[in-house]
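Please look through the report that follows with the sequence and the model at hand.

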Amino acid sequence: MLISKPLSALSRALVTAACVLALYGPSLVAAQDKAPQPPPANTSPSVAVPTPAPAVRPPANLKVKLTTLEEWDTQMDILVRLTQQVYAGQAPQDLGGHDLQYYWQQYVFGSATKDNLDNLREKAQKQSVAKDTAGLQHTLDEASAIISAEHAKMYAVTMFLTAQAPVVYHQYQLGPWLVRATDADRQGINDRVTSTYEYLAKELDEAVKQPDLESLDAISQRFYKQIAAPVAFFNAERARMVKAQANLPNPVAVASLKRGDQPCPAAVPPVKGRDKPGLGTDFPSSETFYPPSAKQNDVEGAVTVRVAISETGCVTSAEVAGTSGVAELDEGALKLAMAGKYAPGAGAGDKPVAGSLTFRVKFEQPDAFGAGH
């Protein structure tokens, strides 16, 4: 689905709730109801931003090993219930404009699978009545393999949808800049989104052709490998557009912070020979203030921050002098700046004087922090 403005706030947490939780508990519908909603059209990009979730690992109970007809019936009830929940629920759309129901209908618990399991169930019932223990176990093993394969398909669909979340998140952050960008810029982003979706869709097709519970980790890795280059591209494109739009009228709004009524820390003596404020000791790392959503989705950027420092070394305000293009990163840098310790400038006779200081905060992996005067 091609877009040139912020996409719905699809997140890893939402996809996980719509898929993984559906497989292993009755909380699917409730989890979807609690999912974050897209921000209103006039909302700042810093509001209702997608939230992160832990990386999804294959649950230990995916593999089915039936030993009784009762267990078989229980597993069938689970498949039927999950299918009904998926069709009754309202999952968000992915990059291709499809939802969970679309993929479930194609790949999971289709009519051929249902018929196969029904036929095997009749066969198993006859074997049970005839006391054919060996034959019954063989049929149970056949059904176990089929049901396990369905679980593997469910997990592959989950990984396919989850892997798209960073791309969606980057689109969301690119929104304000794409509105002001050239048609070529917008087309470049849309083309990359389309190609990424196509590559992921191919991986999904391969994964469901031969659903193997033993290869789920490898499948996950292949999905995430497909988004590494697009994510790097989106980070670079955002930085480029921010620079290109620096002198346009009506710039994208950036944040600032003031100390307000919070008391200042104890006075810090000035550094002799330095007429401007400087960073103090034990200055915090950007890693500590890296917004979890941005970090989870590999959103990187550098923020230029300007702070006002009193004669006691107290930071009274911080403002974004150069945006990263991501409101969350800008706000993280401002919080870091307000939490840091500073040394005031030294005036005549080394008397402490107030002043301002400008430095850069880099949010990247691995962590890097740069400061300058």
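## Aromatic cluster and pairs

Tyr102, Tyr103, Phe160, Tyr197 and Phe223 together form one aromatic cluster, where rings of Phe, Tyr and Trp (its six-membered ring) are taken to pair if their centres lie within 6.5 Å, with planes under 30 degrees apart called stacked, over 60 edge-to-face and the rest tilted. The model is a predicted one, in which local features need pLDDT of at least 70, side-chain atom pairs count only at pLDDT 80 or more, and totals for chains, interfaces and linings use all residues. Residues are numbered from 1 along each chain as its sequence is written, and side-chain values use heavy atoms, with hydrogens and water left out.

Searching the whole structure gives nine aromatic pairs. One of them joins Phe283 and Tyr342, whose ring centres are 5.3 Å apart and whose planes stand at 75°, so this pair is edge-to-face. Its partners are 59 residues apart in the chain, with Phe283 in the loop between β2 (278-279) and α11 (292-296) and Tyr342 in strand β5 (residues 342-343); helices (H or I, at least four residues) and strands (E, at least two) are DSSP runs numbered from the N terminus. Phe283 is buried at a relative accessible area of 18%, and Tyr342 is also buried, at 1%, given that buried means under 20% relative accessible area, exposed over 50% and partly exposed in between (1.4 Å probe, protein chains only).

The rings of Tyr290 and Phe363 likewise have their centres 5.3 Å apart, but their planes are at 55°, so the pair is tilted. Tyr290 belongs to the loop between β2 and α11 and Phe363 to strand β8 (residues 355-363), which places them 73 residues apart, and both residues are buried.

## Charges over rings

The charged end of Arg121 sits over the ring of Trp72, 6.0 Å from its centre, and Arg192 lies over the face of Phe233, at 4.8 Å from the ring centre. Such a placement requires NZ of Lys or CZ of Arg within 6 Å of the ring centre and within 35 degrees of the ring normal.

## Lys362 and the whole chain

Strand β8 also contains Lys362, which is partly exposed at 28% relative accessibility. The C-alpha atoms of Lys362 and Ser324 are separated by 9.0 Å, although the two residues are 38 apart along the chain.

The chain has twelve helices and eight strands, and buried residues make up 45% of its 373 residues. Among contacts (heavy atoms within 4.5 Å) between residues at least 6 apart in sequence, 79% join residues at least 24 apart.
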